[in-house]
Amino acid sequence: MHLAHLRLRDFRNYTRLDADFEPGFHLLLGRNAQGKTNILEALHLLATLRSFRGVGSAAMVRHGQPGWFVGGRAIGTSTHDVRIYWSSRERRLTLDQQPIKRLTDYLGTFRTVAFCTEDLALVKGAGRGRRRFLDFLLTQTVPGYLHLLQRYTRAVRARNALLKRKPIDEAALDSFTAEVIQLGNQLIAHRHDLMPALVPRIQAAHQRIASGGEELSVEYVPSVKNDFAADLECIRERERKYGTTIIGPHRDEIALLLHDRSAADYASEGQKRTIAIALKIAQAEHLTEIHGAPPVLLIDDVMGELDEHRRQGFLPLLEKCGTGRGQVFMTCTEENWPHNLSKVLQRWKIHNGTLQPC
Ligand SMILES: Nc1ncnc2c1ncn2[C@@H]1O[C@H](COP(=O)(O)OP(=O)(O)O)[C@@H](O)[C@H]1O
Ligand SMILES: [Mg+2]
């Protein structure tokens, strides 16, 4: 899969950009604050409709402008034209000139996996980021998962609203409780099912990039311990006191343990970064396995932070994605990628919101 054309209008520091990209390995070179990460952000947006910086759409509008446009031509098994326009008054998403009403009709048209400094939060940050990691992967590999997740999220919200409103409408609460249990159990089952395929990949990637002898274990820890309905019954009074649904897939965790201790609490910064990269490599490999073609890799400022040994651990994935019809975009301030990487690097100079081959 690759992106053949990218078009930006009033996106971040780009007034207008039209660029054609071949498959292969693209190096985006430039000094700080020129717009390298902004290009990767736009590519990721085309794939996921979200910024990997975790900001809303308004932040991406070029200062002083009403809205932004990001469009592109994605080539996988077939070619698709994708266009996204956002302003505070209007949002438009089209696939091959047709408006998209449901996200599930769009996601998967273009697939990316981003490696960026924010990934460290996967190890250091709250459980939400790790759940999002699981959900991203399941959304992109299990038909119907996104729909299930959306319905579950709505049901939990409705249930929370009922728990807050006193006196509680018991009949309505029972009905939403049944829905939360039924949908939640399906989510838990999907998350369980993913683990046997995902965990060995995370561990293998970690082995390749960590210094020898570091042992990582990864475990899915659902917040429902036994039976969802029975567990809810046990915490009935607490739920009513706090006015919120305390257990369920929206509170699940992935435990990351280095030598049986919480990586968030005990691992060094370098070790945490290595674990975060291993999670992302596993994500890319899993998508490759399921779809038979690698996602487009977006690698932002990661190489500069890795020592030579750790960079080498990236090689198998980069080679797989950067050859054939795959595509990799990597940002650098200087040329510090592994030298044996690829014979055909395509270099681009990024300067003050412009992009030129060099
Ligand atoms: N909404 C925006 N409008 C205009 N410029 C922006 C906006 N958001 C970020 N920028 C500018 O983009 C530049 C940073 O781009 P970025 O891609 O992060 O740089 P880098 O090349 O270091 O990766 C900065 O000059 C910043 O001021
Ligand atoms: Mg940057």
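**Reading a predicted fold, step by step**

Modeller: Let's start with contacts in the protein chain: among those between residues at least 6 apart in sequence, 72% join residues at least 24 apart. Two residues are in contact if their C-beta atoms, placed from the backbone, lie within 7 Å. This is a predicted model, where local features need pLDDT of at least 70 and side-chain atom pairs count only at pLDDT 80 or more, while totals for chains, interfaces and linings use all residues. Residues are numbered from 1 along each chain as its sequence is written, and chains are lettered from A and ligands numbered from 1 in the order in which they are written.

Biologist: How many helices and strands does the protein chain have?

Modeller: Helices (H or I, at least four residues) and strands (E, at least two) are DSSP runs, numbered from the N terminus. Here you get 10 helices and 15 strands.

Biologist: What does the radius of gyration say about the protein chain?

Modeller: It's taken over C-alpha atoms, and the globule rule is 2.2 Å times the number of residues to the power 0.38. For 358 residues, a compact globule would come out near 21 Å, so the 22 Å of the protein chain agrees. Its C-alpha atoms fill a box of roughly 65 × 55 × 35 Å along the principal axes.

Biologist: Which residues touch the most other members of the largest nonpolar core?

Modeller: First, a nonpolar core is a set of buried Ala, Val, Leu, Ile, Met, Phe, Trp, Tyr and Cys residues joined through C-beta atoms within 7 Å. Buried means 20 or more other C-beta atoms within 10 Å of a residue's own, again placed from the backbone. The largest core has 79 residues, and Ala 42, Leu 43, Ile 275, Ala 278 and Leu 298 touch the most other members. Helix 9 (residues 269-291) gives the most to this core, with 9 residues. Beyond its neighbours within four places in sequence, Leu 298 is in contact with several residues, among them Leu 40, Leu 43 and Phe 329.

Biologist: And which residues are closest to ligand 1?

Modeller: A residue counts as near if its C-beta atom, placed from the backbone, lies within 6 Å of the molecule. Ligand 1 has 16 residues around it, the closest being Asn 13, Ala 33, Lys 36, Thr 37 and Asn 38. Helix 1 (residues 36-48) gives the most to that shell, with 3 residues.

Biologist: How do strand 5 and strand 6 pair?

Modeller: Strands pair if DSSP finds at least two bridges between them. Strand 5 (residues 79-87) and strand 6 (residues 91-95) run antiparallel over 5 bridges, with Trp 86 opposite Arg 91. They form a hairpin with 3 residues between them.

Terms used:
Buried ≥ 20, exposed ≤ 12 C-beta atoms within 10 Å, placed from the backbone.
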